[in-house]
Amino acid sequence: MHLSIGKIVNTHGIRGELKVIPNTDSLEERFSKGNEVFVHYGKETICFEIDSFRIHKGCVLVTFKDHHNINDVEKYKGLELLIEVDGSEDDDFYYYELEGCQVYYHDELLGEVSEILETQAHEILRISCENKKDILIPYVDRFILNVDIDEKRIDVDVIEGML
């Protein structure tokens with residue numbers, strides 16, 4: 001399975017650098033030299049080895065091994081930069097997988113996760129409720145009792161005033 005770590009939005013200079021808007025918070029881990037990344041180009045999936053990366057004005061500038069000319073990489077503008085993820089770990093999941101999950105409080109359906117808000121302290125789940133205002137629940141152990149990605153179900157506990 002592939003997971004997007006950013007979108008290639010442009011080239012930078014003539015030496016094969018690509019400008020990537022990242023959608024991961026682990027920049028050094030995801031873009032470090034030697035890592036493999038993928039792009040879906042047409043009907044094929046192409047694997048690249050990262051040769052270099054640097055952060056520039058809120059974006060990531062990345063080069064691929066053996067692709068050091070603008071003509072080698074220009075065709076990848078607009079494509080997602082992907083990594084391979086192993087879905088074999090039962091307890092592990094990515095935050096994006098929480099979107100669409102049904103949220104329950106004492107087996108009563110509150111609503112569905114419509115968005116994950118990132119703050120410096122922790123993530124916050126925005127729960128869209130039918131005929132009510134959205135509910136914001138911090139994604140911390142105190143409030144999140146159980147997450148079952150396969151069943152698309154999250155059980156929560158809340159304190160007075162949250163609902």
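Me: How many bridges join β3 to β4, and do they run parallel or antiparallel?
Reply: In this predicted model, 6 bridges join β3 to β4, and the two run antiparallel. Strands here are DSSP runs of E with at least two residues, numbered from the N terminus, and two strands pair if DSSP finds at least two bridges between them.

Me: What sits between β3 and β4?
Reply: They form a hairpin with 2 residues between them, and Gly42 in the turn has a positive phi of about 65°. Phe38 stands opposite Cys47 in β4.

Me: Before I go on, which ground rules apply to numbering and confidence?
Reply: Residues are numbered from 1 along each chain as its sequence is written, and side-chain values use heavy atoms, without hydrogens and water. Since this is a predicted model, local features need pLDDT of at least 70 and side-chain atom pairs count only at pLDDT 80 or more, while totals for chains, interfaces and linings use all residues.

Me: New topic: what does Phe64 touch?
Reply: Beyond its neighbours within four places in sequence, Phe64 is in contact (heavy atoms within 4.5 Å) with Leu18, Val37, Phe48, Glu49, Asp51, Val73 and Leu81.

Me: And the other sheet strands, in what order do β7 to β12 come?
Reply: The order is β10-β9-β8-β7-β12-β11, an open sheet of 6 strands with mixed pairing. Its edge strands, β10 (135-138) and β11 (144-148), each pair on one side only.

Me: How do β7 and β12 run?
Reply: Parallel, with 4 bridges joining β7 (residues 102-105) to β12 (residues 153-156). Tyr104 has Asp155 as its bridge partner in β12.
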